[in-house]
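Trainee: I'd like to go through the salt bridges of this structure with you. Could we bring it up and start?

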2 protein chains.
Amino acid sequence: MSSPTRKVTMIDIAHEAGVSKSTVSLVLQGSELVKDDTRDRVLAAMDRLGYVYNRGAANLRRKTSEVLGMVINDLTNPFFAEIAVGIERALQTAGFIPLLANTGEDPSRQARVMQAMREHGAAGFLFCPAIGTDEGFAHEIMSWRLPIVTVMRRIPGVDFRSVAPDNVGGARLATEHLIGLGHRRIAFLGGRPGMVVMEDRCQGYQAALAAAGLPADPGLIVEERPNRDGGLAGVGALLSIADPPTAVLCFNDAVAFGALHGLWERGLQAGRDLAVVGFDDIANAAHTTPPLTTVAVSCRTLGERAAHLLLSELRGEPTGDHIGEVRLVVRASSGPPGQDRYRPNT
Amino acid sequence: MSSPTRKVTMIDIAHEAGVSKSTVSLVLQGSELVKDDTRDRVLAAMDRLGYVYNRGAANLRRKTSEVLGMVINDLTNPFFAEIAVGIERALQTAGFIPLLANTGEDPSRQARVMQAMREHGAAGFLFCPAIGTDEGFAHEIMSWRLPIVTVMRRIPGVDFRSVAPDNVGGARLATEHLIGLGHRRIAFLGGRPGMVVMEDRCQGYQAALAAAGLPADPGLIVEERPNRDGGLAGVGALLSIADPPTAVLCFNDAVAFGALHGLWERGLQAGRDLAVVGFDDIANAAHTTPPLTTVAVSCRTLGERAAHLLLSELRGEPTGDHIGEVRLVVRASSGPPGQDRYRPNT
DNA sequence: CCTTCAATTTGGAACGTTCCAAATTTTTCG
DNA sequence: CGAAAAATTTGGAACGTTCCAAATTGAAGG
């Protein structure tokens, strides 16, 4: 039992059950062809000998695999962690299993690890591209002719299926909300041009302004790192311009958290002194002081949809992109513009 | 090029380069035996034909694999996400690659997916057990005779190598800090007995009390879910007992966040009205209001150590458990006991 | 009992590697 | 130059499956 005994194979089972290896194989594949009685005998033998199916060998012969690559730019970000969980869940129930890579936004790591996954027989990829992913690489992996679904960030210039929330619509929704509250000078804070997500959200913001007949002041669009630090720095910049905004739509919740913090540092309060709106509705958004108004994206669902999309592609079914619904969640960080405290110069 | 051409194999390369498949194999394995000139020819051929190494086939023959199972109880928890990232990083640089499973604290999912990973040829496991993991299952996987390293939560009764922070020491440190501030009635909040981590931390807390000659009031140990909701509920319970504590050590940061929120709801302030200390120092701890005093655990490092431990085991090297260092980070949520506001009954 | 047809079962050749023992080529040196 | 030694290269048998075509068994019908 604890001896260094050779691994149990189908042949051993065949022997033990008094059938051929082909029959064992049929049983393993749940074939209808085999007689119930025989099946039972084979299953019993497997049990007795402690058989472990060797999928590697099977896949070698069959030229397929149930292994998929899951490449995530930043698992440390709860938003992407949630997506990863959604993907994993869907794959698991479909009998697939992901190889994981966290690229940490490093394109060269990304390239290395995706190559490794290919060598390990990944049958397709769920892919949240790192920020600097270039078109050359995109073409490279396209040439692999494996199904690939990009999640959140689509790559311009290649036609992978993609799954993403309705960034344009969400930003429009949020901006309309602010306009409805009476705001006229609304800023957009965070992100870098070249980031598709930033561009989409910014576009939705601009569309809402335009639809309301409000001027688009380029000075109100502040580029910043897409994280808390960016928000902190950006809100400072916004408050110090000559004619400061009364509201700010942040690229994402992390940026909004930073903005909240920046306000707090100045003795100002979000909602009263400056309306702040986030994007994503990550877990913490409900628990800041004040709680954050934000655009809710169901990232778990997004992950599941991505997985299903990839599975469809694997089956060769026709597929289309998926744009996830968004929903505005109004909390206390967004209020109407006030006249009292928010202008340092009065 | 885009034709449904058969996959390129070593044999094709051998042909193209005018050598035998054995030579190609040697090149692939970076052997010193092959002449530089030949190596170049082979590499060139690979390049020309677009060869992809089939590790599945290699592993079948070689009876090893660079694939490891990474089984995480809850990736949604930033603490474990960080560990996962640390593991993945270390594995990647060592040329290994993880299969991922998120069990969502469900032991039956856990059992299913670990079996699947075994069938896929996982050579070992990095394992953060789900909460209800029973000893029977532990013995089952032990019988697989694969190297397994448990992370964070060790399993009593089986001797897997394990990696965890110094929970006992950290809790002692935190409690000593509170005692040093002058607190005499210090509560412990959150977690369930049966959770090893809770037991360790609670033990450290009790040790510190005992060392300071303070009585151990069992009424000051409040079991609760190990998350924000548990903290919220628990702090309410603590404040309403006859002789309430002046300080509370929370099972982890999430619980502490809930406690902070509970205080805020009652118009009380952490640090002044009740000293609150967390455990883990997750990303948000520095950004609560007030910022949270907590025991910092370097989870990224923890993950890396776990990976290295598993790799050592794979190489058959002698190994031992790793207990990660902890460090007390004092922020504003813990102050000396006051006399004014924290007693509802004065 | 023989035939026919359906239901089961089965050998053996892949799948793309590695690894061993043996073969071949190259170098060294008396 | 020839022999011995060293450096390279090479066939072919695994590894544990699947899958096909063919063989065997069983049931039904005359």
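Trainee: Is B:R62 buried, partly exposed or exposed in this predicted model?
Mentor: Good place to begin! The relative accessible area of B:R62 is 41%. Buried needs under 20% and exposed needs over 50%, so B:R62 is partly exposed.

Trainee: Which residue does B:R62 meet in a salt bridge?
Mentor: The contact joins two side chains, with N and O 3.8 Å apart. That is within the 4 Å cut-off, so the pair counts as a salt bridge.

Trainee: How many residues apart are B:R48 and B:E16?
Mentor: These two form a salt bridge, their closest N and O atoms lying 2.2 Å apart. B:R48 sits in helix α3 of chain B, while B:E16 sits in helix α1 of that chain. The pair therefore links distant parts of the chain, and the separation is 32 residues.

Trainee: Over in chain A, what is the distance between the closest N and O atoms of A:R315 and A:E317?
Mentor: A:R315 counts as exposed at 55% relative accessibility, and A:E317 as partly exposed at 35%. They form a salt bridge, and their closest N and O atoms are separated by 2.8 Å.

Technical notes:
Residues are numbered from 1 along each chain as its sequence is written. Chains are lettered from A and ligands numbered from 1 in the order in which they are written. This is a predicted model: local features need pLDDT of at least 70, side-chain atom pairs count only at pLDDT 80 or more; totals for chains, interfaces and linings use all residues. Side-chain values use heavy atoms; hydrogens and water are left out. Buried means under 20% relative accessible area, exposed over 50%, partly exposed in between (1.4 Å probe, protein chains only). Helices (H or I, at least four residues) and strands (E, at least two) are DSSP runs, numbered from the N terminus.
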